Amino acid sequence: MGKELKHILCIDDEHDILEVAKMCLETVGGYTVTCIDSGTKALKQVQQSKPDLILVDYMMPEMDGPETLRELRFNMLLKNTPIVYMTARVQPKEVKEYLENGATAVIRKPFDPMTLSQEVQRIWDEFHE
């Protein structure tokens, strides 16, 4: 087994989503979660504390998920960091495009609060196989 998943960065412009994700991931999963409400702020945050895994909303104002993903991938510190989209847009063609453009996986919104931490752990484990 590889590195343990401890710190998750969650990027979403909806504060309700951030609150629910943080509560679920910390309470059920035991992870440390940092929440950021924009891609721009997230790019600054990753310089301060490198997360083990990043959850990013696909549709955000200002800097959307794809632009945030591209910018995060330019950061050499994050080269081997799983970046997971959280989105309601999960048609097979869309998911295929997300993965081809650098996302590690996709979590469907709305997510199930009781299984979110298990889903994140599964993605982490598959990434490190």
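Val56 stands opposite Tyr85 in β4, and β3 and β4 pair in the parallel sense over four bridges; two strands pair if DSSP finds at least two bridges between them. This is a predicted model, in which local features need pLDDT of at least 70, side-chain atom pairs count only at pLDDT 80 or more, and totals for chains, interfaces and linings use all residues. Residues are numbered from 1 along each chain as its sequence is written, and side-chain values use heavy atoms, with hydrogens and water left out. Helices (H or I, at least four residues) and strands (E, at least two) are DSSP runs, numbered from the N terminus.

**Sheet**

- The open sheet consists of five strands in the order β2-β1-β3-β4-β5, with parallel pairing.
- β2 (32-36) and β5 (105-108) are the edge strands, each with a single partner strand, so one side of each has no neighbour in the sheet.
- On average, neighbouring strands are turned by 25 degrees against each other, direction ignored; axes are lines fitted to C-alpha atoms, for helices over the stretch in contact, and angles run from 0 to 180 degrees between N-to-C directions.
- β1 and β3 run parallel and are joined by four bridges, and Ile11 stands opposite Val56 in β3.
- Strand β4 (residues 83-87) is joined to β5 by four bridges, again in parallel, and Thr87 has Arg108 in β5 as its bridge partner.

**Strand β3**

- Five of the five residues of β3 are buried, so this strand is largely enclosed by the rest of the structure; buried means under 20% relative accessible area, exposed over 50%, and partly exposed in between (1.4 Å probe, protein chains only).
- In a regular strand the side chains alternate between the two faces of the sheet.
- On β3 both faces are covered, with Leu53, Leu55 and Asp57 buried on one side and Ile54 and Val56 buried on the other.

**Helices on the sheet**

- Helix α2 (residues 39-48) lies across β1 (7-11), β2 and β3 (53-57), and runs at about 160 degrees to β1.
- Helix α5 (residues 116-127) packs on the sheet and touches β1, β3, β4 and β5, where contact means heavy atoms within 4.5 Å.
- The direction of α5 makes about 170 degrees with that of β5.

**Contact of α1 with α5**

- The axes of helix α1 (residues 15-27) and α5 come within 8 Å and cross at roughly 75 degrees.
- α1 and α5 are therefore roughly perpendicular to each other (angles under 35 degrees count as roughly parallel, over 145 as roughly antiparallel, 65 to 115 as roughly perpendicular and the rest as oblique).
- From α1, Ala21, Cys24 and Leu25 meet Leu116, Ser117 and Val120 of α5.
- The residues of this contact divide into five nonpolar, one polar and no charged (Ala, Val, Leu, Ile, Met, Phe, Trp, Tyr, Cys and Pro count as nonpolar, Asp, Glu, Lys and Arg as charged, and the others, Gly among them, as polar).
- Ser117, in helix α5, is buried, with a relative accessible area of 5%.
- Not counting residues up to four places away in sequence, Ser117 touches Cys24, Leu25, Val28, Gly29 and Tyr31.

**Nonpolar cores**

- A nonpolar core is a set of buried Ala, Val, Leu, Ile, Met, Phe, Trp, Tyr and Cys residues joined through side-chain atoms within 4.5 Å.
- The largest core has 20 residues, and those with the most contacts inside it are Ile8, Leu25, Leu53, Leu55, Ile107, Leu116 and Val120.
- At least two residues of this core come from each of β1, α1, β3, β4, β5 and α5.
- Another core, of 18 residues, lies apart from it and includes Ile36, Ala42, Ile83 and Tyr85.
- Beyond its neighbours within four places in sequence, Ile8 is in contact with residues including Leu25, Tyr31, Val33, Leu53, Leu55 and Val120.

**Loop residues**

- Pro82, in the loop between α3 (65-74) and β4, is buried, with a relative accessible area of 0%.
- The C-alpha atoms of Pro82 and Trp124 are separated by 7.4 Å, although the two residues are 42 residues apart along the chain.
- With neighbours within four places in sequence left aside, the contacts of Pro82 are Asp52, Leu53, Ile54, Arg73, Thr104, Trp124 and Phe127.
- The peptide bond from Lys109 to Pro110 is cis, with omega near -5 degrees, and Pro110 lies in the loop between β5 and α5.
- Glu62, in the loop between β3 and α3, has a positive phi of about 70 degrees although it is not a glycine.
- Glu62 counts as exposed, at 68% relative accessibility.
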